[in-house]
Amino acid sequence: MNTFHADRAAAFLEDAPHAHWYDTAVWFMRSKRDHAAGAVAEWERLRDAASGLKAHALSDLAGYLEEFEKNAKANGIQVHWARDGEEHNRIVHEILAARGVKLVAKSKSMLTEECGLNPYLESRGLEIVDTDLGERIVQLAGEPPSHIVMPAIHRKKESIGELFHEKLQTPAGLSDPKTLTEAARQHLRKKFLGAQAGLSGVNFALADTGGIVVVTNEGNADMGTSLPPLHVASMGVEKVIPRAADLGVFLRLLARSATGQPISTYTTHFHGPLRGGELHVVIVDNGRSQILAREPFRRSLACIRCGACLNTCPVYRRSGGYSYSYLIPGPIGSVLGPLRDAEKHGSLPFASSLCGSCSDVCPVQIDLHHQLLALREEIVGKGLLPWTKRLGMKLAGLVLRHPTLYRLAAALARRTLRSAPGLVQIGPAATWTRQRDLPEPPRQSFRELWKREGA
Amino acid sequence: MSSREAILSALRKAAPPAVPRPAAPEGSRFADPVGRFLESAKAVGGEAARVPDRAGLEAALRALPVWAEARKKVSLVPGVGVSTVDLAAISDPHQLEGLEVAALPGELGVAENGAVWVPGTSLGPHRAVFVITEHLVLVVEAKDVLSNMQEAYGRLTLQRPGYGLFISGPSKTADIEQALVIGAHGARSCTVFVVG
């Protein structure tokens, strides 16, 4: 598959009205975030505190994970450790298989997407139902999520109506979000009642109390983990925070940054299993310790997955989630993807104007645009830039280093563009002129004017 | 080496120099937390009202259509509301399916976002009660309404082992074209009564 962001974005932009609608829809989220952030007087100081707390936690992850494990065990939680996605999937499957689980109600977790848990379990005969409405929509459609908070934001309601008609046997032609949501509620309620286990992600793991916190608006994680006796929660090593009381800071930022809500509907603190049941927490590294070791990129591990950097990004809004080759799109995904696989995701750090808006809205102050720039250097250093860009840069470097060559090239360009302006509308130059005209080239250069005026 | 040891040792090796723990800013306080709480609880899609005392609460609950009209209902608020479902007689939480309304006591309310802290002990024998019910009623004392989440974490009790959650309004989703729809998987309505 073509992993090159610009090519995928070009395909997305072919449907211009849809692209415009998408831009507007995502910007709406950003506007709600601004409104919510503006209503909190101490917003910037909360960001300072959240950033500092994460930096502090990241400087002693091993210590805090040990503290978490000790306290979680005392609460009756079973803790597992997985070096990579494969080990994570194996552990989860073993827990489920040993208890004869056939149907699993799953709530949203980007980590399990990263590990490829669903296909792993499905290929072993289990039915995994994604229960977040947006995730269920993309699961039924056989698509990955296109946004980390709004997985189906790229889909119009009419297309969801068609999908439900086909997969859930709803009447044809439904497009009212309320009716569609009700249909999904009825469908998923049956799944919840039939599931023998609930799977979830973890928003925060609390070192001092040994608990985990899961946040949803729909209540799907709560339905999925309150009926069956078995709950398996997967977390990256970076999810641990020192104290439960630190949630006072993080929760004030999370939902406001994500959707503009003052808090999500359900913020559930699990400090032990359901009565008579089991709660397992799987702690996953999968490359995170390698990111931690790299100073310029360490802070990307502070991410609390709010999606604000996606919503504000002019490139994300105008290219859609599927233009990104990594499963997390937008600025944070453009950092995390290449750190995982620079070759496959090498175009992502260039899918940015480096405007810095992502860093400005980030509730934990990740310096995203600096990291994107640093990654560009790495990708160039590794020789992973496409040859067109390499050649272009080489030529530009050559011309700019030699004044005579520069003057010659400029004179040539002035003359050519005057006599054949159509030249810039074909070939590689066309990407610059598709939506804007070049100014008329001057007859003389500044240098020539200066000479003639005899200054 | 076990995965646990391998991960911990990799994290130790990769760890940056110690970063001290920062101080968190004071959260803004509201002059009238209860008034603000009622506003917030409505803004998140719920209903909210203040009642003077327990008798007022009983009257308000009886006057609430989702409570009055329900046939299968349960109240875990001490001395308030007549339950028609006995949670203790239910052995499997799946049997709660069909419950129309549950009234639950909250430990504290948060003015900035309309959230109510509901400890596991408020949920009776089956914690699913708050999410499987079609409608939800929460009760919180006026003296227990605080301004913000930082204050809330300073006050609330985390039972260990145990369970607890913040509930802010009814279950909702905006996953279809960002249209807000109330009643995704959990309660279709959330009414909060502040007593006192």
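## Close-up views of a predicted model

**Figure 1. Chain A as a whole.** In chain A the mean position of the 56 positive charges and that of the 47 negative charges are 5 Å apart, where Lys and Arg count as positive and Asp and Glu as negative, with His and the chain ends not counted, and where each charge is placed at NZ of Lys, CZ of Arg, CG of Asp or CD of Glu. This is a predicted model, in which local features need pLDDT of at least 70 and side-chain atom pairs count only at pLDDT 80 or more, whereas totals for chains, interfaces and linings use all residues. Residues are numbered from 1 along each chain as its sequence is written, chains are lettered from A and ligands numbered from 1 in the order in which they are written, and side-chain values use heavy atoms, with hydrogens and water left out. The C-alpha trace of chain A spans about 95 × 55 × 45 Å along its principal axes, and the chain holds 22 helices and ten strands, taken as DSSP runs (helices H or I, at least four residues; strands E, at least two) numbered from the N terminus. Of its 455 residues, 58% count as buried (under 20% relative accessible area, with exposed over 50% and partly exposed in between; 1.4 Å probe, protein chains only).

**Figure 2. The largest pocket.** The space in the largest pocket comes to about 1,700 Å³. Among the 38 residues of its lining, those closest to the centre are A:His5, A:Ala6, A:Ala9, A:Thr431 and A:Arg434. Helix α1(A) gives the largest share of this lining, six residues, while α1 (5–13), α2 (16–38), α15 (314–319), α19 (387–401) and α21 (430–433) of chain A each supply at least two. On a 1 Å grid over the protein atoms alone, a pocket is an open set of points with protein on both sides within 12 Å along at least five of seven lines, a cavity is a set where a 1.4 Å probe fits but cannot get out, and lining residues have an atom within 4 Å of a point. Grid points are joined across faces, edges and corners, and a volume is the space filled by probe spheres set on the points.

Figure 3. A:Arg33, placed in helix α2 of chain A, counts as buried because its relative accessibility is 9%. Apart from neighbours within four places in sequence, A:Arg33 is in contact (heavy atoms within 4.5 Å) with A:Trp43, A:Arg256, A:Ser257, A:Gly260, A:Asp360 and A:Val361.

**Figure 4. Backbone details.** Most residues other than glycine have a negative phi, and most peptide bonds are trans. A:Leu354, in the loop between α16 (330–340) and α17 (357–361) of chain A, has a positive phi near 55° and counts as partly exposed, at 25% relative accessibility. A:Gln365, which is not a glycine, also has a positive phi, of about 55°, and lies in the loop between α17 and α18 (368–381) of chain A. In chain B, a cis peptide bond with omega of about -10° joins B:Arg160 and B:Pro161, and B:Pro161 lies in the loop between α6 (149–155) and β8 (162–167).
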